[in-house]
Amino acid sequence: MRTTVGTMQWAAVTNGLLTNRDRQRLLAQAMLTRAAALPDRLKSRLGIAPKALARIDLASLRIPDSGVARQAAGVMRGLSPPWLANHCMRTYLWGAICAQGRRIRFDEELLFVASALHDLGLTPRHACDTQCAVCFAVEGARAAARFALDAGWPDERRQRLSEAISLHLNVRVGLRHGAEAHLLHAGAAMDLVGAGIRRLHPDTVGQVVHAYPRLGFKENIVTAMKAQSQRSPQSRAGFLMGLGFAGMIRGAPLAD
(Lines give C-alpha, C1' and ligand atoms only; values in the text may rest on other atoms or scores of the structure.)
Protein backbone atom coordinates (compact mmCIF):
# COMPACT_ATOMS: atom_id res chain seq x y z
CA MET A 1 0.00 0.00 0.00
CA ARG A 2 1.35 3.42 -0.99
CA THR A 3 1.98 5.77 1.93
CA THR A 4 2.71 9.50 1.94
CA VAL A 5 6.34 10.41 2.60
CA GLY A 6 6.81 11.86 6.07
CA THR A 7 3.68 10.48 7.69
CA MET A 8 3.90 8.30 10.77
CA GLN A 9 2.50 5.40 8.73
CA TRP A 10 5.41 5.86 6.31
CA ALA A 11 7.83 6.13 9.24
CA ALA A 12 6.56 2.87 10.74
CA VAL A 13 7.50 1.09 7.52
CA THR A 14 10.74 2.89 6.63
CA ASN A 15 12.04 4.27 9.96
CA GLY A 16 12.73 7.45 7.98
CA LEU A 17 14.81 5.87 5.20
CA LEU A 18 13.91 7.24 1.77
CA THR A 19 13.24 4.89 -1.11
CA ASN A 20 13.89 5.91 -4.71
CA ARG A 21 10.17 6.52 -5.14
CA ASP A 22 10.12 8.68 -2.00
CA ARG A 23 12.95 10.79 -3.41
CA GLN A 24 11.03 11.23 -6.65
CA ARG A 25 7.97 12.41 -4.73
CA LEU A 26 10.03 14.91 -2.71
CA LEU A 27 11.67 16.16 -5.89
CA ALA A 28 8.23 16.70 -7.40
CA GLN A 29 7.25 18.67 -4.28
CA ALA A 30 10.38 20.80 -4.68
CA MET A 31 9.55 21.55 -8.32
CA LEU A 32 6.00 22.57 -7.40
CA THR A 33 7.27 24.78 -4.58
CA ARG A 34 9.80 26.45 -6.85
CA ALA A 35 7.17 27.06 -9.52
CA ALA A 36 4.77 28.57 -6.98
CA ALA A 37 7.49 30.94 -5.75
CA LEU A 38 8.41 32.24 -9.23
CA PRO A 39 5.96 35.20 -9.29
CA ASP A 40 7.28 36.58 -5.99
CA ARG A 41 10.89 36.03 -7.03
CA LEU A 42 10.29 37.83 -10.32
CA LYS A 43 8.64 40.75 -8.54
CA SER A 44 11.58 40.94 -6.14
CA ARG A 45 14.08 41.10 -9.00
CA LEU A 46 12.04 43.82 -10.69
CA GLY A 47 11.87 45.79 -7.44
CA ILE A 48 8.10 45.34 -7.14
CA ALA A 49 7.04 44.92 -3.54
CA PRO A 50 4.58 42.04 -3.06
CA LYS A 51 1.23 42.68 -1.50
CA ALA A 52 1.96 42.56 2.24
CA LEU A 53 -0.19 40.96 4.85
CA ALA A 54 -1.87 43.36 7.24
CA ARG A 55 0.50 44.49 9.96
CA ILE A 56 0.09 42.06 12.86
CA ASP A 57 1.00 43.11 16.38
CA LEU A 58 2.47 40.28 18.44
CA ALA A 59 0.19 41.33 21.29
CA SER A 60 -2.70 40.02 19.17
CA LEU A 61 -1.19 36.53 19.09
CA ARG A 62 -1.83 34.32 22.09
CA ILE A 63 0.98 32.05 23.24
CA PRO A 64 -0.79 29.19 25.03
CA ASP A 65 -0.24 29.08 28.78
CA SER A 66 -1.87 25.77 29.63
CA GLY A 67 -0.09 23.30 31.85
CA VAL A 68 0.83 21.13 28.85
CA ALA A 69 2.11 24.14 26.91
CA ARG A 70 4.30 25.17 29.84
CA GLN A 71 5.61 21.61 30.17
CA ALA A 72 6.43 21.49 26.45
CA ALA A 73 8.24 24.82 26.69
CA GLY A 74 10.18 23.48 29.65
CA VAL A 75 11.24 20.36 27.72
CA MET A 76 12.24 22.53 24.77
CA ARG A 77 14.38 24.86 26.87
CA GLY A 78 15.83 22.03 28.92
CA LEU A 79 17.03 20.04 25.91
CA SER A 80 17.68 22.67 23.24
CA PRO A 81 20.48 25.23 22.94
CA PRO A 82 19.14 28.83 22.98
CA TRP A 83 19.41 29.28 19.21
CA LEU A 84 17.24 26.20 18.64
CA ALA A 85 14.72 27.06 21.38
CA ASN A 86 14.26 30.52 19.87
CA HIS A 87 13.73 28.94 16.45
CA CYS A 88 10.95 26.81 17.93
CA MET A 89 9.26 29.89 19.39
CA ARG A 90 9.56 31.83 16.13
CA THR A 91 8.15 28.83 14.27
CA TYR A 92 4.99 29.04 16.36
CA LEU A 93 4.67 32.79 15.82
CA TRP A 94 5.26 32.61 12.06
CA GLY A 95 2.69 29.82 11.83
CA ALA A 96 0.13 31.78 13.87
CA ILE A 97 0.78 34.88 11.74
CA CYS A 98 0.22 32.85 8.56
CA ALA A 99 -3.00 31.47 10.02
CA GLN A 100 -4.26 34.95 10.88
CA GLY A 101 -3.40 36.34 7.46
CA ARG A 102 -5.04 33.42 5.64
CA ARG A 103 -7.89 32.95 8.13
CA ILE A 104 -6.98 29.36 8.97
CA ARG A 105 -8.56 28.04 12.14
CA PHE A 106 -6.24 25.92 14.26
CA ASP A 107 -5.70 24.46 17.70
CA GLU A 108 -3.34 26.92 19.43
CA GLU A 109 -2.14 24.52 22.09
CA LEU A 110 -1.48 21.74 19.59
CA LEU A 111 0.46 24.02 17.26
CA PHE A 112 2.46 25.44 20.16
CA VAL A 113 3.42 22.02 21.53
CA ALA A 114 4.31 20.85 18.02
CA SER A 115 6.45 23.95 17.47
CA ALA A 116 8.17 23.60 20.84
CA LEU A 117 9.01 19.94 20.29
CA HIS A 118 9.44 19.69 16.52
CA ASP A 119 13.25 19.65 16.60
CA LEU A 120 13.78 17.36 19.58
CA GLY A 121 15.49 15.00 17.15
CA LEU A 122 18.32 17.53 16.81
CA THR A 123 19.06 17.67 20.53
CA PRO A 124 21.82 15.65 22.24
CA ARG A 125 19.23 13.73 24.28
CA HIS A 126 17.84 12.23 21.08
CA ALA A 127 21.09 11.87 19.15
CA CYS A 128 21.83 8.16 18.82
CA ASP A 129 22.61 5.61 16.15
CA THR A 130 21.02 2.20 15.76
CA GLN A 131 18.30 2.68 18.39
CA CYS A 132 16.85 5.81 16.78
CA ALA A 133 14.98 6.61 13.60
CA VAL A 134 17.05 7.35 10.51
CA CYS A 135 15.27 10.72 10.26
CA PHE A 136 15.51 13.27 13.07
CA ALA A 137 11.96 14.49 12.38
CA VAL A 138 10.62 10.98 12.91
CA GLU A 139 12.67 10.63 16.09
CA GLY A 140 11.30 13.96 17.32
CA ALA A 141 7.75 12.95 16.43
CA ARG A 142 8.04 9.77 18.47
CA ALA A 143 9.49 11.68 21.43
CA ALA A 144 6.66 14.21 21.22
CA ALA A 145 4.09 11.41 21.12
CA ARG A 146 5.55 9.99 24.35
CA PHE A 147 5.37 13.45 25.91
CA ALA A 148 1.72 13.78 24.90
CA LEU A 149 0.93 10.32 26.25
CA ASP A 150 2.40 11.30 29.62
CA ALA A 151 0.38 14.52 29.46
CA GLY A 152 -2.83 12.53 29.06
CA TRP A 153 -3.69 13.55 25.52
CA PRO A 154 -6.13 11.22 23.74
CA ASP A 155 -4.95 9.06 20.83
CA GLU A 156 -6.35 11.30 18.09
CA ARG A 157 -4.60 14.40 19.44
CA ARG A 158 -1.30 12.57 19.94
CA GLN A 159 -1.48 11.36 16.36
CA ARG A 160 -2.06 14.89 15.05
CA LEU A 161 0.94 16.09 17.06
CA SER A 162 3.34 13.38 15.90
CA GLU A 163 2.08 13.59 12.31
CA ALA A 164 2.72 17.34 12.17
CA ILE A 165 6.25 16.96 13.50
CA SER A 166 7.15 14.02 11.28
CA LEU A 167 5.82 15.82 8.19
CA HIS A 168 7.49 19.16 8.84
CA LEU A 169 10.69 18.13 7.03
CA ASN A 170 8.83 17.58 3.76
CA VAL A 171 9.19 20.17 1.02
CA ARG A 172 5.42 20.81 1.08
CA VAL A 173 2.71 20.02 3.64
CA GLY A 174 -0.81 20.78 2.46
CA LEU A 175 -3.86 21.56 4.55
CA ARG A 176 -5.15 18.06 3.84
CA HIS A 177 -2.74 16.91 6.56
CA GLY A 178 -4.42 19.23 9.08
CA ALA A 179 -4.12 22.91 9.90
CA GLU A 180 -1.47 22.37 12.57
CA ALA A 181 0.78 20.27 10.30
CA HIS A 182 0.42 22.83 7.52
CA LEU A 183 1.18 25.77 9.81
CA LEU A 184 4.10 24.05 11.56
CA HIS A 185 5.72 23.47 8.18
CA ALA A 186 4.94 27.03 7.05
CA GLY A 187 6.40 28.52 10.22
CA ALA A 188 9.55 26.41 10.13
CA ALA A 189 10.10 27.08 6.41
CA MET A 190 9.66 30.81 6.94
CA ASP A 191 12.28 30.79 9.69
CA LEU A 192 14.70 28.52 7.83
CA VAL A 193 14.66 29.82 4.26
CA GLY A 194 12.40 32.89 4.48
CA ALA A 195 9.54 31.20 2.59
CA GLY A 196 6.81 33.84 2.30
CA ILE A 197 8.61 36.32 4.56
CA ARG A 198 8.49 39.11 1.95
CA ARG A 199 4.70 39.07 2.19
CA LEU A 200 4.86 40.12 5.83
CA HIS A 201 5.10 43.70 6.99
CA PRO A 202 8.68 44.53 8.08
CA ASP A 203 7.40 45.70 11.47
CA THR A 204 5.84 42.29 12.09
CA VAL A 205 9.04 40.50 11.12
CA GLY A 206 11.05 42.82 13.37
CA GLN A 207 8.80 42.17 16.37
CA VAL A 208 9.19 38.39 16.05
CA VAL A 209 12.98 38.51 15.70
CA HIS A 210 13.27 41.05 18.54
CA ALA A 211 11.20 38.84 20.84
CA TYR A 212 13.20 35.71 19.98
CA PRO A 213 16.62 36.67 18.52
CA ARG A 214 18.16 34.39 15.93
CA LEU A 215 21.51 33.99 17.76
CA GLY A 216 23.50 32.87 14.73
CA PHE A 217 20.70 30.55 13.65
CA LYS A 218 21.78 30.11 10.02
CA GLU A 219 25.21 28.63 10.66
CA ASN A 220 24.00 26.65 13.67
CA ILE A 221 21.18 24.97 11.76
CA VAL A 222 23.38 24.38 8.69
CA THR A 223 25.89 22.63 10.96
CA ALA A 224 23.13 20.52 12.51
CA MET A 225 21.65 19.61 9.12
CA LYS A 226 25.08 18.69 7.74
CA ALA A 227 25.63 16.39 10.71
CA GLN A 228 22.25 14.73 10.11
CA SER A 229 22.99 14.39 6.41
CA GLN A 230 26.34 12.74 7.09
CA ARG A 231 24.86 10.45 9.73
CA SER A 232 21.88 9.48 7.54
CA PRO A 233 22.49 10.35 3.87
CA GLN A 234 19.34 8.47 2.82
CA SER A 235 17.12 10.58 5.09
CA ARG A 236 15.11 13.67 4.20
CA ALA A 237 17.87 15.80 5.76
CA GLY A 238 20.34 14.19 3.36
CA PHE A 239 17.97 14.77 0.45
CA LEU A 240 17.46 18.44 1.31
CA MET A 241 21.16 19.11 1.76
CA GLY A 242 21.76 17.51 -1.62
CA LEU A 243 19.31 20.00 -3.15
CA GLY A 244 21.34 22.94 -1.83
CA PHE A 245 19.41 23.53 1.38
CA ALA A 246 22.44 25.07 3.10
CA GLY A 247 22.61 27.80 0.48
CA MET A 248 18.89 28.47 0.79
CA ILE A 249 19.22 28.86 4.57
CA ARG A 250 22.19 31.22 4.24
CA GLY A 251 20.37 33.21 1.57
CA ALA A 252 17.19 33.70 3.59
CA PRO A 253 16.24 37.41 3.91
CA LEU A 254 16.55 37.29 7.69
CA ALA A 255 19.61 38.69 9.41
CA ASP A 256 21.26 36.76 12.23
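# Close-up views of an all-helix chain

**View 1. The whole chain.** Read along the sequence, this predicted model follows the pattern α-α-α-α-α-α-α-α-α-α-α-α, with twelve helices and zero strands; helices (H or I, at least four residues) and strands (E, at least two) are DSSP runs, numbered from the N terminus. The radius of gyration of the chain is 17 Å, close to the 18 Å that the globule rule gives for 256 residues, so the chain is as compact as a globular protein of that length; the radius is taken over C-alpha atoms, and the rule is 2.2 Å times the number of residues to the power 0.38. Along its principal axes, the C-alpha trace spans about 50 × 40 × 35 Å. Residues are numbered from 1 along each chain as its sequence is written, and side-chain values use heavy atoms, with hydrogens and water left out. Because the model is predicted, local features need pLDDT of at least 70 and side-chain atom pairs count only at pLDDT 80 or more, while totals for chains, interfaces and linings use all residues.

View 2. Of the 256 residues in the chain, 51% are buried, where buried means under 20% relative accessible area, exposed means over 50%, and partly exposed lies in between (1.4 Å probe, protein chains only). The accessible surface of the chain comes to about 12,300 Å², and 55% of this surface belongs to carbon and sulfur atoms; such areas come from the Shrake-Rupley method with a 1.4 Å probe, and for residues only the protein chains shown count as cover. Among the contacts with a separation of 6 or more, 75% are between residues 24 or more positions apart, a contact being heavy atoms within 4.5 Å.

**View 3. The largest nonpolar core.** This core has 51 residues, and those with the most contacts inside it are Trp94, Ile97, Val113, Leu117, Leu161 and Ile165. A nonpolar core is a set of buried Ala, Val, Leu, Ile, Met, Phe, Trp, Tyr and Cys residues joined through side-chain atoms within 4.5 Å. Helices α3 (67-79), α4 (82-102), α5 (108-117), α6 (136-150), α7 (155-167), α8 (179-193) and α9 (202-211) each supply at least two residues of the core, and α4 gives the most, with ten residues. Not counting residues up to four places away in sequence, Val113 touches Val68, Ala69, Ala72, Phe147, Trp153 and Leu161.

**View 4. Phe136 and the second core.** A second, separate core of 30 residues includes Phe136, Leu169, Ile221 and Leu240. Phe136 lies in helix α6 and is buried, with a relative accessible area of 4%. Leaving aside neighbours within four places in sequence, Phe136 is in contact with Asp119, Gly121, Leu122, His168, Leu169, Met225, Gln228 and Ala237. The C-alpha atoms of Phe136 and His118, which are 18 residues apart along the chain, are separated by 9.5 Å.

View 5. Side chains of opposite charge can pair when their charged atoms come close. Arg55 and Asp203 meet through their side chains in a salt bridge (2.9 Å, N to O), a term for a side-chain nitrogen of Lys or Arg within 4 Å of a carboxyl oxygen of Asp or Glu. This pair links distant parts of the chain, with Arg55 in the loop between α2 and α3 and Asp203 in helix α9, 148 residues apart. Arg55 counts as exposed at 52% relative accessibility, whereas Asp203 counts as partly exposed at 36%. Leu200, in the loop between α8 and α9, is buried, with a relative accessible area of 6%; Leu200 and Arg55 are 145 residues apart in sequence and 7.4 Å apart in space, C-alpha to C-alpha.

**View 6. Arg214 and Asp256.** The side chains of Asp256 and Arg214 form a salt bridge (2.8 Å, N to O). Asp256 lies in the segment after α12 (245-250) and Arg214 in the loop between α9 and α10 (217-231), so the pair ties together parts that are 42 residues apart in sequence. Arg214 is buried, with a relative accessible area of 2%, whereas Asp256 is partly exposed at 44%. Salt bridges that share partners join Arg90, Asp191, Arg214 and Asp256 into one network.
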